[in-house]
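Thanks for coming, everyone. Let's have the model up on the screen.

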Amino acid sequence: MAEAQEIEETKERVWAELENVIDPELGVDIVNLGLVYGVDLDDDNNVAVTMTLTSMGCPLAGMIQSEIKMALWDLQEANEIGEVEANIVWDPPWGKDKMSRYAKIALGVAD
């Protein structure tokens, strides 16, 4: 198993790559929208992304999950991570309070 510092560095790289996944409806990345709740690595460096969507009926769930896998492909190719799984959860529900200041400004949402 990797050292704790290596695990944290890998998680940081995963988070940074997830900022390249843009919500196609809102035009802001899923991290700044507050859609990503967590990134976990197991002992084999497989990545589990826990996330939500802005609404339960979002027709783009599969597309966003595919975009996550594509965004992390380079890390897989470099053998920094193993398999990637994007798990969608509904609890806690997403709300505008989860958005970063950047996302709120970009979308014109009041604090």
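We start with strand β3. There, Ala86 is the bridge partner of Val49. Keep in mind that this is a predicted model.

Val49 sits in strand β2, residues 47-51. How do β2 and β3 run, parallel or antiparallel? They pair in the parallel sense, and five bridges link β2 to β3, residues 84-88.

Now the other neighbour. Strand β1, residues 36-41, is also joined to β2 by five bridges, but here the strands run antiparallel. Opposite Val49 in β2 stands Val39.

Next, the faces of β2. In a regular strand, side chains alternate between the two faces of the sheet. In β2, Val47, Val49 and Met51 make up the covered face. Ala48 and Thr50 make up the uncovered one.

On to the turn. β1 and β2 form a hairpin, with five residues between them. Which residue in that turn has a positive phi? Asn45, at about 65 degrees. Asn45 is a residue other than glycine.

Asn79 also has a positive phi, about 60 degrees, and is not a glycine. Look for Asn79 in the loop between α3, residues 73-77, and β3. Is Asn79 buried or exposed? Its relative accessibility is 68%, so Asn79 counts as exposed; the cut-off for exposed is over 50%.

Pro92 lies in the loop between β3 and α4, residues 101-107. The peptide bond joining Asp91 and Pro92 is cis, with omega at about 5 degrees.

Terms used. Residues are numbered from 1 along each chain as its sequence is written. This is a predicted model: local features need pLDDT of at least 70, side-chain atom pairs count only at pLDDT 80 or more; totals for chains, interfaces and linings use all residues. Side-chain values use heavy atoms; hydrogens and water are left out. Buried means under 20% relative accessible area, exposed over 50%, partly exposed in between (1.4 Å probe, protein chains only). Helices (H or I, at least four residues) and strands (E, at least two) are DSSP runs, numbered from the N terminus. Two strands pair if DSSP finds at least two bridges between them.
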